[in-house]
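Please consider the sequence and the model shown below.

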Amino acid sequence: MIPDWRSERQRMVDRQLRKRGIHDPRVLDAMRTIPREEFVPPDCRVCSYQDEPLQIGYGQTISQPYMIALMAELLELTGCETVLDVGGGCGYHAAVLGALAARVVSIEIIPGLARQAQQNLTRTGLAGNISVICGDGSQGWPEGAPYDGISVAAAAPEIPAPLMAQLKDPGRLVIPVGAMFDQELRVIAKSGGQIQERVATFCRFVPLRGDQGWQ
Ligand code: SAH
């Protein structure tokens, strides 16, 4: 029997997001409409709306729905921004950001995943305002800079300097920082030449690779 995906999404929004404090109506709407089941590998589609990360191949994972909603909410998007999505994976997080911002550049270091992300976004008709790039996003993507928002879905040992440089003023960067298997999700807000930083939660992401990552 084919699951009723709309009901599954609604249940996920109510039980996993609202109950934990996600309240931005635009984020809740995006999470209610984007078909996560189209982005996960076919053999784990039935698990699409479980409250956990899922394997997407190449040793990588698609983040838990709550984490994607939280990161999106922390960017405080209104719909007119350009956002850099570092660690594009299968493209789901980019699709959520694409529903919330004007334009998204999604950069993924593993060519096979970048290809999958592009295919998933095209198949679901969500590719319109999203550019998928294959490359080392720990160095950002200078060609598209500056960005109003930068979202990093892999854990960095420290905040990569190139990402700070490519962040607009005002702008917001959301990034897991810490040890390889244990990090804090930090929110960095640039405004009027000042930098403010806070910890939103504790988390566990796959390691950021590349020049500014764990190599
Ligand atoms: N947000 C993604 C999943 C994130 S998993 C989704 O919705 O599916 C983290 C991803 O970051 C992995 O796909 C990994 O290959 C990628 N990654 C790790 N280091 C990277 C780097 N330096 N540049 C770009 N992508 C990177």
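This is a predicted model: local features need pLDDT of at least 70, side-chain atom pairs count only at pLDDT 80 or more; totals for chains, interfaces and linings use all residues.

Residues are numbered from 1 along each chain as its sequence is written, and side-chain values use heavy atoms, with hydrogens and water left out.

Helix H1 covers residues 5-17, 13 residues in total, and reaches 17 Å from its first C-alpha to its last, close to the 18 Å expected at 1.5 Å a residue. Helices (H or I, at least four residues) and strands (E, at least two) are DSSP runs, numbered from the N terminus, and the expected span of a helix is 1.5 Å times one less than its number of residues. The buried residues of H1 are Trp 5, Arg 9, Met 12, Val 13, Gln 16 and Leu 17. Seen down the axis of H1, these buried residues fall within an arc of 110°, so they line one face of the helix; the arc is that of the directions from the helix axis to the C-beta atoms. Here, buried means under 20% relative accessible area, exposed over 50%, and partly exposed in between (1.4 Å probe, protein chains only). The buried residues of H1 pack against helix H2 (25-33) and helix H3 (65-74), where contact means heavy atoms within 4.5 Å.

In helix H4 (residues 92-100), eight of the nine residues are buried, so H4 is largely enclosed by the rest of the structure. Among the buried residues of H4 are Tyr 92, His 93 and Leu 100.

The backbone also deserves attention. The peptide bond from Ala 145 to Pro 146 is cis, with omega near 0°, and Pro 146 sits in the loop between strand S5 (130-134) and strand S6 (147-152). The bond from Asp 169 to Pro 170 is likewise cis, with omega near 5°, but Pro 170 lies in strand S7. Tyr 58 has a positive phi of about 60° although it is not a glycine; Tyr 58 is found in the loop between strand S1 (54-57) and strand S2 (60-62), and is partly exposed, with a relative accessible area of 48%.

Phe 181 occupies the loop between strand S7 (167-179) and strand S8 (182-191). With a relative accessible area of 55%, Phe 181 is exposed.
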